[in-house]
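Thank you for making the time this morning. I would like to walk you through one structure, and I will ask a few questions along the way and try to answer each of them.

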Amino acid sequence: MIRLLGAILVAVTMSVGVATSTFAADKEKKVVLQISDGSTETQTLVLNVANNLQQAYGVDNVKIEVVAFSAGLRLLFKDNENGNRIAALAQNGVRFSACENTVKGMTKILGHPPEINKQAVSVPAGIVRIAELTEQGYLLVRP
Amino acid sequence: MNAIKRTLLAMACASAMGATVNTAQAANWLMLQGTEPGGTAARANVWGFVQVNYQADTSEPNSTGGYIPPKLLGPDLNTQQGFNVNRARIGVRGTPIPLDDKVNYFILLEGGNNGITQIDGSSVKFTDASVTLNHIPGARLRAGLFKYPGAEEGLQAIHTFDYVNFTEVSNQLLLERFPNRVHPGAGTNPAPCDPQNTPACNLNRFDGPVGAFRDVGVQLFDAFTFGNFELSYAAMAGNGNGLNFSDNNNKLDTYLYLSGEWLTGGGQGPWREGLKFFVWSQNGERQFDGNADGVYESYDRKRAGLGMKFLKKPWRFTAEYMTGEGMIWNGPDKPTWALVAAGDINPAHASNGLLAEGVGYYAEGGIYIPNTNFQVDLRYDYYSRLDGSQFQLDWKAWTLGLQYHFNKKTRATFNYAMRDVNAPNFGTGAGPNANLDGIGDRYSLQLTTIF
């Protein structure tokens with residue numbers, strides 16, 4: 001089983017290498033990561049993907065934006081346990097966008113606005129932001 | 001473009017699988033048990049664990065063929081070997097509204113066969129039912145039934161405990177028993193499980209389960225991080241009545257706890273690596289008819305301790321020192337807290353635990369053998385019961401442990417405990433030693449799985 005997993009990882013690594021060389025020909029790599037559910041696993045996955053994209057291409061060679069809406073906005077709550085990771089990614093250029101519509105909806109439920117991570121940038125609507133980014137050539141990925 | 005997208009997706013997924021998870025969930029027991037991780041907690045996270053064991057006690061009977069409780073296996077005390085579903089717990093924890101991390105809850109049910117369920121004949125019992133409010137920075141509030149702040153061995157999550165049985169100092173000095181408060185009869189030895197010619201014991205002298213290191217009350221607590229150093233505190237007031245939901249003596253127990261830990265950066269959750277020092281105290285009163293006059297008296301129950309814990313894989317080490325004044329437990333065969341008949345109705349008698357003292361310590365360590373699934377553990381524990389009195393009993397044990405981790409959630413634990421118990425103020429075969437002589441080694445094999 002371990003050997004099988006090892007073989008799979010090697011194969012995937014090779015494919016990553018191919019992808020890297022393919023994209024190396026492009027001038028600009030742009031990825032938008034959508035998060036719209038609040039599970040721990042998805043939050044971790046989104047941050048891992050952002051981190052690994054930067055590792056694969058270099059922080060100066062890839063533009064990444066994480067757009068959070070619906071329950072996915074929990075990732076950008078002020079007291080989210082991933083706060084340190086978000087800060088580190090933001091420092092490396094990853095943009096985090098918080099859906100204003102979602103904030104308004106949560107405000108109705110909570111009776112007060114949720115406290116949002118200061119690293120996040122407010123956008124009117126998360127899904128609209130994603131549409132705009134894809135029109136600009138961003139690749140939409142929903143881990 | 002589609003091919004590129006597919007490749008990129010594959011890369012992202014593969015990379016995510018191999019990446020290091022770096023959660024920042026606080027790792028001390030106060031925070032792990034009392035709070036949920038911010039921004040990620042579910043409305044209802046179902047979890048639990050099962051522990052099944054086989055134990056064998058090699059103790060010899062006394063000169064008349066009788067067995068005392070330390071020579072029998074708990075909680076039933078009617079055999080020297082056998083299987084037992086020691087713990088079977090299932091619980092739910094989370095945040096009622098996932099958008100509001102400031103409110104957390106924790107519920108846990110025990111269905112195994114141990115001092116929690118055996119004593120009052122219940123099949124399932126709540127061990128935890130609490131709500132935490134995180135609204136005030138620096139002063140989180142937890143209310144309900146939960147583990148009180150105290151010794152590491154009691155406060156830690158039991159499914160992460162590296163041994164099958166507690167040390168004697170934790171088991172006897174800290175794990176509180178609640179025998180009937182009415183004196184069963186003056187001038188007689190009321191022991192329900194005195195040395196038996198066949199292993200057997202009647203435990204109906206208890207009207208409540210063991211305390212399980214828990215109490216019902218309210219606790220203020222929090223943890224503060226300064227660089228690589230974390231300072232934690234807890235202050236609690238509780239009923240002092242163990243797992244029972246309500247108070248029984250119109251007096252509250254108080255608990256204080258302070259810890260400081262240097263974080264070395266590795267591990268997470270219960271296995272966060274660091275060097276921790278802690279100090280704690282507990283104070284309360286218990287009601288008991290100690291002189292058999294039909295009237296309850298109040299007796300102090302004071303406990304205090306300090307210790308340290310180190311974890312930096314592959315090594316770990318723990319040491320604790322604990323003291324106690326009043327309500328010194330003398331074993332399940334002496335629910336009136338007296339060791340001999342002469343002390344039954346005299347709380348000040350040298351054999352009576354109501355006003356006595358106890359002291360003990362343990363040191364243990366282990367190594368996760370690199371590149372294997374094995375872990376080796378070694379522990380020495382000492383407890384002086386009725387410390388300083390004529391009837392002082394010294395409990396000493398070396399425990400050798402070997403664990404095999406099938407995966408991160410399932411492991412087998414083998415323990416070999418070499419035990420030595422004696423009354424130092426009496427010769428061989430005299431006084432308490434007449435029954436203590438012959439206490440032998442104990443083998444334990446336990447399977448633990450967490451879900």
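Let me begin in chain B, where B:R140 has B:F221 in β6(B) as its bridge partner. Please keep in mind throughout that what you are looking at is a predicted model. How many residues lie between β6(B) and β7(B) in their hairpin? There are 2 residues between these strands, and B:G227 in the turn takes a positive phi of about 65°.

If we stay with the backbone of chain B, two peptide bonds deserve a look. One of them joins B:G74 and B:P75 and is cis, with omega about 5°; B:P75 sits in the loop that runs between β1 (45-57) and β2 (81-94) of chain B. Another cis peptide bond joins B:K313 and B:P314, here with an omega of about 20°, and B:P314 is found in the loop between β10 (297-312) and β11 (315-325) of chain B.

There are also positive phi values in residues other than glycine. B:N250 has a phi near 60° and lies in the loop between β7 and β8 (253-263) of chain B, while B:M327 has a phi near 50° and lies in the loop between β11 and β12 (357-368) of chain B. Is B:N250 buried or exposed? B:N250 counts as exposed, because it has 9 C-beta neighbours inside 10 Å, and 12 or fewer is the cut-off for that class. B:M327, by contrast, is buried, because 23 other C-beta atoms lie within 10 Å.

Let me now turn to chain A, which has 5 helices and 5 strands, arranged along the sequence as α-β-α-β-α-β-α-β-α-β. Of its 143 residues, 38% are buried, and among its contacts with a separation of 6 or more, 76% are between residues 24 or more positions apart.

In what order do the strands of chain A stand in the sheet? The 5 strands form an open sheet in the order β4-β3-β2-β1-β5, and the pairing is parallel. β4 and β5 of chain A are at the edges with a single partner strand each, so one side of each has no neighbour in the sheet. From one strand to the next, the twist averages 30°.

Finally, just after α5(A), A:G137 takes a positive phi of about 100°.

Note on methods
Residues are numbered from 1 along each chain as its sequence is written. Chains are lettered from A and ligands numbered from 1 in the order in which they are written. This is a predicted model: local features need pLDDT of at least 70, side-chain atom pairs count only at pLDDT 80 or more; totals for chains, interfaces and linings use all residues. Helices (H or I, at least four residues) and strands (E, at least two) are DSSP runs, numbered from the N terminus. A residue is buried if 20 or more other C-beta atoms lie within 10 Å of its own, exposed if 12 or fewer, and partly exposed in between; C-beta atoms are placed from the backbone. Two residues are in contact if their C-beta atoms, placed from the backbone, lie within 7 Å. Two strands pair if DSSP finds at least two bridges between them. Axes are lines fitted to C-alpha atoms, for helices over the stretch in contact, and angles run from 0 to 180 degrees between N-to-C directions.
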